[in-house]
Amino acid sequence: MELKLSINGKTYSISVDPTDTLLHILREKVSLTGTKNGCNQGHCGACTVVVNGKAVKSCITKARKLENADVITIEGISSNFNLHAIQEAFIEATAVQCGFCTPGYIMELFALFSTSPNANIEEIHKSLEKHLCRCTGYQPIVDAALLAQEKIKNA
Ligand code: FES
Ligand code: FES
């Protein structure tokens, strides 16, 4: 099938199999490798991107559901060489170690704070619980989320 969709504000028309995953399309068809393949089974959250305003696991999102979708990946949230506030917060809170899980967390929070800038701590925890990190012990990630929320509110 020929799939038309927008990725980071750019329109693409891509030849895909209907069962191809969004993760495969991003990494293999349009060379956006910031989105990571952790488990490829919907368990770890590393592949999270934003589709039509919602955080989704791209490894279990099939091409046939993406006609005219609006996709935002980690490559699409910074402008020129300026990092997004959530990216800055992850660096400042030392929430990045190997970094493999980081794009997924950041896109999850991007979706959350876009729709709920005043999300409370329970809502933040609920979003972060969908993700696995093997390195940080999680507290720095919670700290980063709270710092990001403050930065976005004060921007
Ligand atoms: S790679 Fe998609 S959830 Fe793990
Ligand atoms: S920073 Fe290594 S998996 Fe999270």
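Axes here are lines fitted to C-alpha atoms, for helices over the stretch in contact, and angles between N-to-C directions run from 0 to 180 degrees. The model is predicted.

**Exercise 1.** Determine how helix 2 and helix 3 are oriented to each other, and which residues make the contact.

Solution. 
1. The angle between helix 2 and helix 3 is about 130°, and their axes lie 10 Å apart.
2. Angles over 145 degrees count as roughly antiparallel and 65 to 115 as roughly perpendicular. Helix 2 is therefore oblique to helix 3.
3. Helix 2 contributes Ile-86, Gln-87 and Phe-90 to the contact, while helix 3 contributes Thr-102, Tyr-105, Ile-106, Leu-109, Phe-110 and Phe-113.
4. Sorted by type, the residues of this contact are seven nonpolar, two polar and no charged.

**Exercise 2.** Compare the span of helix 5 with the expected value, then find its buried residues and their packing partners.

Solution. 
1. Helix 5 covers residues 139–154, which is 16 residues.
2. From first C-alpha to last, helix 5 reaches 23 Å, close to the 22 Å expected at 1.5 Å a residue.
3. Buried requires under 20% relative accessible area. In helix 5, Pro-140, Ile-141, Val-142, Ala-144, Ala-145, Ala-148 and Gln-149 are buried.
4. These buried residues pack against helix 2 (85–92), helix 3 (102–115) and helix 4 (121–128).

**Exercise 3.** Describe the packing of helix 4 on helix 5.

Solution. 
1. Where helix 4 passes helix 5, the crossing is right-handed.
2. On helix 4 the contact is made by Ile-121, Ile-124, His-125 and Leu-128; on helix 5 by Ile-141, Val-142, Ala-145, Leu-146 and Gln-149.
3. The contact of helix 4 with helix 5 comprises seven nonpolar residues, two polar and no charged.

**Exercise 4.** Locate Asn-8 and Thr-94, and classify the exposure of each.

Solution. 
1. Asn-8 is not a glycine, yet its phi is positive, about 55°.
2. Asn-8 sits in the loop that joins strand 1 (2–7) and strand 2 (10–15).
3. The relative accessibility of Asn-8 is 27%, so Asn-8 counts as partly exposed.
4. Thr-94, also a residue other than glycine, has a positive phi near 45°.
5. Thr-94 is found in the loop between helix 2 and helix 3.
6. With a relative accessible area of 55%, Thr-94 is exposed, the cut-off being over 50%.

Methods: Residues are numbered from 1 along each chain as its sequence is written. Chains are lettered from A and ligands numbered from 1 in the order in which they are written. This is a predicted model: local features need pLDDT of at least 70, side-chain atom pairs count only at pLDDT 80 or more; totals for chains, interfaces and linings use all residues. Side-chain values use heavy atoms; hydrogens and water are left out. Helices (H or I, at least four residues) and strands (E, at least two) are DSSP runs, numbered from the N terminus. The expected span of a helix is 1.5 Å times one less than its number of residues. Buried means under 20% relative accessible area, exposed over 50%, partly exposed in between (1.4 Å probe, protein chains only). Contact means heavy atoms within 4.5 Å. A crossing is left-handed if the near helix is turned anticlockwise from the far one by less than a right angle, and right-handed if clockwise. Ala, Val, Leu, Ile, Met, Phe, Trp, Tyr, Cys and Pro count as nonpolar, Asp, Glu, Lys and Arg as charged, and the others, Gly among them, as polar. Angles under 35 degrees count as roughly parallel, over 145 as roughly antiparallel, 65 to 115 as roughly perpendicular and the rest as oblique.
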